[in-house]
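Let's take a walk through this one together. Have the sequence and the 3D view open side by side as we go.

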Amino acid sequence: MKLTAHLQEGLLNLLSSKLRSILALLGILVGTASVVAMVSGGELATSEALKQFKTLGTDLLAVTMMDDPADKKNAAPRENLTLQQANNTITASKDILDVAPYTQLYNPTQFDGHELNGSVLGVTEQFARIVHIDIEKGRFISTLDGYAFYCVIGQGMYQQIKQITFLDPIGQQIQIGKNIFTIIGVAKSWPENSFVYANIDNAVMIPVLTSTMLSKYALINNIIMRLSSRSDIDQVKNQVTQYFNQTVGNKRLFFRSAKELILKMTKQSEILTIFLGLIGGISLLVGGIGVMNIMLVSVVERRREIGVRLAVGARRIDIRTLFLVEAVMLSLVGGTLGVIIGMLTAYIIALFSHWQFSVFLLPPLIGFTVSVAVGVFFGFYPAHKASQLDPIEALRSE
Amino acid sequence: MRGEMVAIVGASGSGKSTLMNIIGFLDHCTSGNYIFSGVDVSRLQDSELSHIRNKKIGFVFQSFFLLPRLNALQNVMLPLFYRGESVEQSREKSLKMLEKVGMHHLAHHKPNELSGGQQQRIAIARALVGDPEVVLADEPTGALDSKTGNEVMELLLDLNRYEKRTIVVVTHDQEVSDLCGRIVTLKDGTIVT
């Protein structure tokens, strides 16, 4: 028996009960679409989350210093890191290529009497280099600025100021706390990054030394380091810890490495993707049960037909193939449409989340394969049941 | 006997249909042997039985049993489809057979567009298309009015007379059985005459 003949006949049978076929198909379609959309969405989210490291690079290590709470009992005067000491972290290991200490303040910021939303960062020249801040207008903070009351504003800040005045922001003045700062530069838009806690777009950046004068809370306790690409991160951590123990002591250090962060994020999103896939899989399972249900009804309805076919010489395997082909065709068409709709859904998700859309090969492949497997699996039982009918009983049934 | 036209008669419940089902390889006999063309077929496998049904038996049923989704031609082609013949070849054979039963012009009609007599003619074409050794007709005129019933019987008689087909007719209609060359009467599961 030729397969094409079976396909033709299967198609004929499916078309003769259109509504029922469409409903069975719909179950598979929705299931496949949800698998494809969910897995694609998960993969898109992952690549979106990792995209930030593409610009920043992965060889970054950040360290945050905190006072050891056990130390408070000693009531010893707290020793804070000086800029000099912070900059000298570079000598701790030969793998450290660049260091950028920074401070973070939350003093109220005003422009022309209007409150601005954002934070104040005390930074050095190296900061722009390591976290890739590009300048749109003017210049960035320089080492030569020393204790000067100059500031560079982020793109978000610039947008806020634009609503207040049409004047060129360079040379305008911003009030931070009780001090007046002159704007010397505007930074370009900066993609937010989970590695650098501060949001550069909504920040006013001032020389780090100036920041330490503004508030006693402005401590140099954050340092971002760029490492050489083949560095052993654990070794660098040890070296840095050792360096701080010698210089300030009694500090608790918290390290964040971009590489470890990426690893953690990848692992997390992998789990997320698997979970999403499983959720989609459940709907595919339900779709499969729908196919089985409809095939079973079809077998009962077509008992007479099965009897006639057996009487004219169909073998049991022919009857099984007849029904199996129908189930597989349903899931094949449902699977194909499901993949298309799933990809479309992923595209729409990407569009609304402002993610970059890219086609991953794996989700449609998985969706399609699983949907066909579901068709075969759930189609087999009804087909087998049909093939085991007794010809006389089948002929007698109404 | 080969080339005979036999009628199996008897009251309902006498075992006519069971005998016919056994002859047609649809049922196994619980005791005794069934020798068909010199072969004991009572212990054959399912697939072997299918093969024999396909090649050597042609069924004509009381209520025709045409597949409603297929047109007349496709219905007639069905035995050849399960024989694995090419579509072109079986189409040609089936058209020829439809012509023989006078249904050539209705080849592309669905069964529900045809009258009972027309459907039975198509069913006879389906039974004959595989060139079987025996045609088994279970009450072939039972669902037809007497006029079309006579026409169908004429057709079967002609096939026996001119083509020397072996035809077994199960019936309880005296008129029908009288037309046949030999009559086998069943009573309570045993052959009386």
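At what angle do helix H8 (residues 258-301) of chain A and H10(A) pack, and how far apart are their axes? Before the answer, keep in mind that this is a predicted model. The angle comes out at about 145°, and the axes are 11 Å apart. The crossing of these two helices, H8(A) and H10(A), is right-handed. Zoom in on the contact and you'll find Val291(A), Met295(A) and Val299(A) on the H8(A) side. Across from them, H10(A) brings Phe323(A), Glu326(A), Ala327(A), Leu330(A) and Ser331(A). Sorted by class, that contact between H8(A) and H10(A) has six nonpolar residues, one polar and one charged.

Now follow H10(A) out to the partner chain. Here 18 residues of chain A are in contact with 19 residues of chain B. On the chain A side, the elements that give two or more residues are helix H1 (3-16), helix H9 (303-311), helix H10 (316-352) and helix H12 (391-396). The chain A residues touching chain B split into 10 nonpolar, three polar and five charged.

Within the chain, confidence is lowest in H1(A), where the mean is 82, and highest in strand S7 (residues 150-153), at 93.

Over in chain B, start with strand S6 (residues 166-170), which is mostly covered, with four of its five residues buried. Strand S1 (residues 5-10) of chain B runs parallel to S6(B), joined by four bridges. One place to look is Ile8(B), which stands opposite Val170(B) in S6(B). Strand S5 (residues 134-138) of chain B also pairs with S6(B) in the parallel sense, over five bridges. In that pairing, Leu136(B) sits opposite Val168(B).

Finally, two phenylalanines in chain B loops are worth a look at the backbone. Phe25(B) lies in the loop between helix H1 (16-23) and strand S2 (35-36), and has a positive phi of about 65° although it is not a glycine. Phe64(B), in the loop between strand S4 (57-60) and helix H3 (72-83), has a positive phi too, near 70°. Are these residues buried or exposed? Phe25(B) counts as buried because it has 25 C-beta neighbours inside 10 Å. Phe64(B) is buried as well, with 23 other C-beta atoms within 10 Å.

Technical notes:
Residues are numbered from 1 along each chain as its sequence is written. Chains are lettered from A and ligands numbered from 1 in the order in which they are written. This is a predicted model: local features need pLDDT of at least 70, side-chain atom pairs count only at pLDDT 80 or more; totals for chains, interfaces and linings use all residues. A residue is buried if 20 or more other C-beta atoms lie within 10 Å of its own, exposed if 12 or fewer, and partly exposed in between; C-beta atoms are placed from the backbone. Two residues are in contact if their C-beta atoms, placed from the backbone, lie within 7 Å. Ala, Val, Leu, Ile, Met, Phe, Trp, Tyr, Cys and Pro count as nonpolar, Asp, Glu, Lys and Arg as charged, and the others, Gly among them, as polar. Axes are lines fitted to C-alpha atoms, for helices over the stretch in contact, and angles run from 0 to 180 degrees between N-to-C directions. A crossing is left-handed if the near helix is turned anticlockwise from the far one by less than a right angle, and right-handed if clockwise. pLDDT is the predictor's confidence in each residue, from 0 to 100. Two strands pair if DSSP finds at least two bridges between them.
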